[in-house]
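Visitor: I would like a short tour of this model, one question at a time. Please show it to me.

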Amino acid sequence: MTARAPTRFQVPDELPLLALRSTIVFPHGRIGVQVGSPENLAVLQSLPTTDAYVVVAVAAGSSASELDRLLPRIGVVARVSDRAPAGAETVQVTLEGISRVRIVSLVRGAGHPVARLATVDEVAADSAAIEAALERIVRAAEALAEADVRFPAELPGLVSRSATNPARGTDLAAAHSSFRVSERDELVQCLDIGERAQRIAARLEKDVARAQVLGEMERRTEVSVEQHHREFFLRQQLQQIRAELGERDPTDSEADTILRQIAEAGLPEAVAIEARRETERLRALAPASSEYQVLRNYLEWVLALPWNRASGTAEIPIDRVEHALDDRHYGLEEAKERILEYLSVRQLLGAGGRDPHGPILCFVGPPGTGKTSLGEAIAESIGRAFYRISVGGVRDEAEVRGHRRTYVGSMPGLVVQAMRRANAKDPVLMIDEIDKMSSGGPGGDPLAAMLEVLDPSQNASFVDHYLNIPFDLSRVLFICTANSLLDIPAPLRDRLEVIRIAGYTVEEKVEIAWRYLLPRLFREHGITDRDLQFTDEALSTVSNRYSREAGLRGFERNLAALMRRRARRKAQGEDGAWVVDTARIEDVLGAPRYGADEAEVEPEIGTVTGLAWTAAGGELMTIEALRMPGTGKLHVTGQLGDVMRESVDAACSYVRSMARPLRIHDAEMKTTDLHIHFPAGSVPKDGPSAGVAVTLAIASVMSRRAVRRDVAVTGEVTLRGKVLEIGGVKEKVLAAYRAGLREVILPATNEKDLRGLPERVRGQMQISFAKTMDEVIDRMLLAPLALVRDDVPTVAGPRAPAADAPRSGPPDTDDAWPT
């Protein structure tokens, strides 16, 4: 549309203000506007029917009051050419832009605002620069008109014909382009013709680049759609041609092959029906479609699973299992007996035609004690396939049950994958590190899914989400392993037959090294026993001084380090035999990591040797107590859990209640602060079994009586002084034995737990039992010192005098008690 502005226009001093919200009027432009605000309607009503002029400006709120804070600003004088009702409260008007003016101020007229105006002069820039900018506008407009049918095709011609009047050309380009309101207003406010032309050219060129990108995307989309249509049409023609020639579709041939495999596989009836149904769906799909590949993979999984293939017989040869366990594992007599008893029950039930439902075997013990190799020995002895599943760190239920086929890249869960790899319906599946599975979360509870897998009453029809058909797991012999039984949830623990493997003594490690480790390590390192000669003393030194642990992994690593050093020297041409002695061990392994006798045996005041149980086996735990002047406060350090802190509080209360028998003044309890410390402060500790040791430490430091350090103690203590049962007895006794201690005090109710100790350990250990703390104190606290100064700290000292050492000086009057 072309403008019909007069050649000359005399700007009046005042004109009514028409404040628009989303419309811009440019000089030399013409536009239709619907007016509905009360102030604008009042302006139109006040105008004459012919030769009516207004000044137009943009206001954010469609009100003249919004312009007050923006004055002075540039507006456009426009002639109102046509007026017609557009609704009940709306008027359609046509505005023809004439020229820019400056709105100096606003005054309130008869119900509408009136603008006081001033003429403005537009700045003429360099003619060459303006011509170049106009040329850019013309080229961009032509490109947009070609790329977008909605763009006005007449704009390039209008701008070209306005080359002699660049102000008119820029205003026409701005009026006909799809700029935002804010951008249009900026062009109205710009009085520099050259700058205005540069802005319009840059904006149109940006639109050209965007239109080219969108056009390329649309072109590619059209090509892709046309290609799919073409392929579909050609396939339909190909099917018709094959039908005329009597040939078969390759898709039908593949579907028929799958149907033949289903018939030959001997699948269960429900599984075969589902597989045939999915095969018919596959026949109707195009091979290039994504669903075709999903169905193809699904059918491959169904056909690959061992629905009827067995790796062994239902009979379990107990004698062969016993021979395999004895041949591959030294010691562990209780564990072997429990395994044989469990397998005997399964054999008898299977031979009687009954389902051998019962608990699942679970080996619990420190790392490196042979839990996995026990499972391998069982599988080998009964002739079944063996596969190990590591579930440590599993956080999602889908990892156990599988993902549904609606997910991209979905697969069956760990159990079904293991069955496919084992290629038998009756394998030995070892579920490793079951205590390290996460419970609950956004992806579901994997432990709840594992309950169904391990429950004999449910796993005969286990449904994986990917397969969505029942799979029989009742013939599978599941064996679980864990480091800590406490980390297994109670519902899952109820389904397990727990067999504890406590660890090995030094003597057992030496025997295991001679029987199993050394022959295998010699083969792996390319040397023989003529190149490297060990002795019992050397093996004991490596075990006791460099790898004091419950298992064998550290011990094996150290032996391998010695062999690597010998293999290197042999490869360099050194002949002869190396005799492994203490000097050779220190040269290869460095200084000993543990003392010759780690446990301290010299009596001390306030220091007690306790016993602790961890996932890595039993350990010694030294407990220290310190008294100092104060107000009767109790400080506890060592990163303790809530249960252990409560145990310390109970021990302190018991000692205070026994102050008189222990010859402790009440005043001392009120004026003395106690500090109880558990060394290795960076290691978290918890549990009630340190109660006896803590009570002894407090009683020792308050009564100034030394404690025997050659005896280790463990047990929970009540406020009445009762010594209660604790767990991990076997591991704790073995820890004391490895540390060189030969006497341990246990709760009387734990006497039943000594059955699992090796015969050699029971023969060398003196194990005492106590029912009350009075018995423990009588055995552990030595006679009081003759003289103790209150200003001398009593942590790890002073040393107790020898039994025959003469006492010097009179007794302290503070310690004198009436008889």
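**Pockets, cysteines and rings**

Guide: G630 is found in the loop between β17 and β18 (634–637). Helices (H or I, at least four residues) and strands (E, at least two) are DSSP runs, numbered from the N terminus. The model is predicted, so local features need pLDDT of at least 70 and side-chain atom pairs pLDDT 80 or more, while totals for chains, interfaces and linings use all residues. Residues are numbered from 1 along each chain as its sequence is written, and side-chain values use heavy atoms, with hydrogens and water left out.

Visitor: Is G630 buried, exposed or partly exposed?

Guide: Buried means under 20% relative accessible area, exposed over 50%, and partly exposed in between (1.4 Å probe, protein chains only). G630 has 28% relative accessibility, so it counts as partly exposed.

Visitor: What separates the C-alpha atoms of G630 and E668?

Guide: Along the chain, G630 and E668 are 38 residues apart.

Visitor: What volume does the largest pocket have?

Guide: A pocket is an open set of points on a 1 Å grid over the protein atoms alone, where a 1.4 Å probe fits, with protein on both sides within 12 Å along at least five of seven lines. Grid points are joined across faces, edges and corners, and a volume is the space filled by probe spheres set on the points. For the largest pocket that is about 1,100 Å³.

Visitor: Which lining residues are the closest to the centre of the largest pocket?

Guide: Lining residues have an atom within 4 Å of a point. The largest pocket has 42 of them. Elements that each supply at least two include β16 (607–614) and α24 (729–738). The closest to the centre are W613, T614, G727, G728 and K732.

Visitor: Which helix gives the most to the lining of the second largest pocket?

Guide: This pocket holds about 650 Å³ of space. Its lining has 25 residues, with G368, T369, G370, S373 and L552 the closest to the centre. α12 (371–382), β12 (477–482), α17 (506–525) and α19 (553–571) each supply at least two. The most, 4 residues, come from α17.

Visitor: How far from C362 is the nearest cysteine sulfur?

Guide: A disulfide is a pair of cysteine sulfur atoms within 2.5 Å. By this rule the count comes to 0. C362 is buried, with a relative accessible area of 0%, and C480 is buried at 0% too. C362 is in no disulfide, and the nearest cysteine sulfur, that of C480, lies away by 5.4 Å.

Visitor: How many residues apart in sequence are the parts that the pair of Y298 and Y466 ties together?

Guide: Rings of Phe, Tyr and Trp (its six-membered ring) pair if their centres lie within 6.5 Å; planes under 30 degrees apart count as stacked, over 60 as edge-to-face and the rest as tilted. The rings of Y298 and Y466 have centres 5.9 Å apart and planes at 55°, so the pair is tilted. Y298 lies in helix α9 (residues 290–304) and Y466 in the loop between β10 (462–463) and β11 (470–471), so the parts tied together are apart in sequence by 168 residues.

Visitor: Which residue lies over the face of W578?

Guide: A charge sits over a ring if NZ of Lys or CZ of Arg is within 6 Å of the ring centre and within 35 degrees of the ring normal. R420 lies over the face of W301, at 4.3 Å from the ring centre. Over W578, at 4.0 Å from the ring centre, lies R584.
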